[in-house]
Amino acid sequence: MAELTFMGELDLFLFGHGRHNRIFDHLGSRVGTMDGSFGTRFALWAPHAKSVAVFGDMNFWDPSTAYYLNPEGDSGIWQGFMVGVGPGQRYKYRIETQWGGVVERVDPYARQSAEPPSSGSVIPYDSNYDFQDDGWMSTRPTYLGDKAISIYELHLGSIARDPSDPSRHLTFRELADFLLPHIIETGFTHVELMPINEHPFYGSWGYQTTSLYAPTTRFGTQDELREFIDRFHQAGIGVIADWVPAHFPRDEFALANFDGYSLYEKDDPKMASHGDWGTLVFDYSKPQVRNFLLGSALYLIEEFHLDGLRVDAVASMLYLDYSRNDYTPNIFGGNEDLDAIEFLKYFNEMVHQIGATTIAEESTAFAKVSKPTYDGGLGFGFKWNMGWMHDTLAYLTRDPMYRSYHHGEITFGLHYAFSENFVLPLSHDEVVHGKGSLYSKFAGDQETKVATIRALYGWMWAHPGKKMLFMGDEFGQISEWAHDQSLDWHLLDNPVHKGIATLVSDLNRIYKSHPELYQGDSNPASFSWIRANDADKNLFITARFSLSGTLICVANFSGWRYDSIAIGLPEAGEYEVILNTDATKYQGRGVENPRKIVSRPNECDGFSDSTSISVGANSVVWLYLKK
């Protein structure tokens, strides 16, 4: 049993400056002993409070017998120890404001929350879970830029439901039983969980969280979440979670107007809310708010062995005028949120220091998002390449007969592909809110749609940048994603959809075994166009290089097959056909080439050597030369 103490002068100093990297050990509720007595210590930051009291299961939710906490000078911290109160009991804070009103709030630092629709905080049990992932954690690389990273994004509540009761979510254990064999078979290196923090509105998918320290209880206990992550680690698969420090919902029991005043949100009426989402914006100018957010990130990573955080809505944090017609400029008259920028830099430094990575969902041209802070960057490990996603889907959703007029939508992305450490994201955002599934986006009959999906993946895996697919994309989910029902896993019984999944498995297998495809993702010397301007044929030919080999990607996005088409080769030798998205094993039409193709000394595409190959309609072929 832990021996508890109250926050000391050093703790108060660090918290007051936003630099307490273990603030989660001090604020919130903790069970242990004090002066030989068993009980629970409570600690809360509420600088505008006149008094703070705890009430809940321990006093039958009677405000008149609530337990009052003591203020710590002018720090805004209130602390107290309740003898005999133990884990599992629900509670809230009853805060008397300086203006005479009374508000009731859940604990911002609660490590456990009551399952919605209940809204109380829960005194946490100490974890008894014994992680078995020492091998993974001890060898987990701190730098992933030169690694093969292939991410499977998923929503825990809808990836699969109980077949006998579709309204019931699967538990963490059931989800691990179901998911692990599939992730292993398809070959992804990481899974990315949409937000795991407690959120009252299920339809927000976790992006409107009220408990940044408490994992959701919808799928089981916290130790069961630990077990879920541990099992993936033991199988050699990393686990990333989405994290939302940009905004929070207005639920009256949570952070909004917390102690009778704008505490966590900005107090400038122009800047306090997000018009797009109806939520409130964190005030990054307050050191204690920055510390609250930082502590959440470090706690989740350390306590649950997460390998990284994907930070949602970074652009809305960076720009004061994001989705606003009227805004308050910064002290230099600009539109950048300087406090948010400094917070993100420190956050990234601290997360990388403990061996995890960070990924920014950032949709603008803000410079150096994924560059180190010592080089003037924000310090993220990676940035989503939203431009690549938008342009590639815009091109491929057109009928092939019109694509030649939009050739630049494919080539333009290579002008900036090496400016950041990019992830190529085909995320949940592209298959919801009426956008339809990937399958439904593409023109033509089933054969054409499926061929286009396969060609998209063949092009994507050969393109500079790490890879990410949303659940269902790996087998060509037909219907748009719906958060309240399971994916259509029965489609894998259909040979056409099984063929897509087989292709994804092969892509990930080849990807991980060919450093040409990942080691130089941020190095322009690792890439070369062979043919970039063949708009009439909707043809794109590229090369990726490493010290061990050269990989050629021939992408035909037209509706016609090309037989014996000449292509230039940067090096002479015997090339092996290692991928053909039109192969019959993927349910393609079977436009094939010999397994071995020998170059000939004929000039083509500006190279002295060339060869001829056949490429099916809406198909991609990879050639590999081993050095």
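Reader: Where in H3 does the kink lie, and what makes it a kink?

Author: The kink lies at Leu179, shortly before the proline Pro181. Its angle is about 30 degrees. The bend at a residue is the angle between axes fitted to the seven residues ending there and the seven starting there. This is a predicted model, in which local features need pLDDT of at least 70, side-chain atom pairs count only at pLDDT 80 or more, and totals for chains, interfaces and linings use all residues. Residues are numbered from 1 along each chain as its sequence is written, and side-chain values use heavy atoms, with hydrogens and water left out.

Reader: How do you know that the span of helix H3 agrees with its number of residues?

Author: H3 covers residues 172-186, which is 15 residues. The expected span is 1.5 Å times one less than the number of residues. Helices (H or I, at least four residues) and strands (E, at least two) are DSSP runs, numbered from the N terminus.

Reader: Which residues of H3 are called buried, and what covers them?

Author: Buried means under 20% relative accessible area, exposed over 50%, partly exposed in between (1.4 Å probe, protein chains only). In H3, Phe172, Leu175, Ala176, Leu179, Leu180, His182, Ile183 and Thr186 are buried. The cover includes strands E10 (150-154) and E13 (190-193) and helices H4 (222-234) and H13 (495-513). Just after H3, Gly187 takes a positive phi of about 85 degrees.

Reader: Why is strand E26 called largely enclosed?

Author: E26 runs over residues 539-545. Six of its seven residues are buried, so the rest of the structure largely encloses it.

Reader: What makes E25 and E27 partners of E26?

Author: Two strands pair if DSSP finds at least two bridges between them. E25 (residues 527-534) and E26 have five, in the antiparallel sense. E26 and E27 (residues 549-556) have seven, also antiparallel. Ile541 in E26 is the bridge partner of Arg531, and Ile541 stands opposite Val554 in E27. Both pairs are hairpins: four residues separate E25 from E26, and three separate E26 from E27. In the E25-E26 turn, Asn538 has a positive phi of about 50 degrees.

Reader: What makes a set of residues a nonpolar core, and how many residues has the largest one?

Author: A nonpolar core is a set of buried Ala, Val, Leu, Ile, Met, Phe, Trp, Tyr and Cys residues joined through side-chain atoms within 4.5 Å. The largest has 154 residues. Tyr264, Phe347, Tyr457 and Trp622 have the most contacts inside it. Helix H5 (residues 287-304) gives the most to this core, with 10 residues. A second, separate core of 19 residues includes Ile541, Ile567, Leu569 and Tyr575.

Reader: Why is Phe422 called buried?

Author: Its relative accessible area is 5%, so Phe422 is buried. Phe422 is found in strand E23 (residues 422-426). Contact means heavy atoms within 4.5 Å. Leaving aside neighbours within four places in sequence, Phe422 is in contact with residues including Phe382, Trp384, Tyr416 and Gly465.

Reader: How do you know that the chain is as compact as a globular protein of its length?

Author: The chain has 13 helices and 32 strands. Its radius of gyration is 27 Å, close to the 25 Å that the globule rule gives for 627 residues, so it is as compact as a globular protein of that length. The radius is taken over C-alpha atoms; the rule is 2.2 Å times the number of residues to the power 0.38. Of the 627 residues, 62% count as buried.
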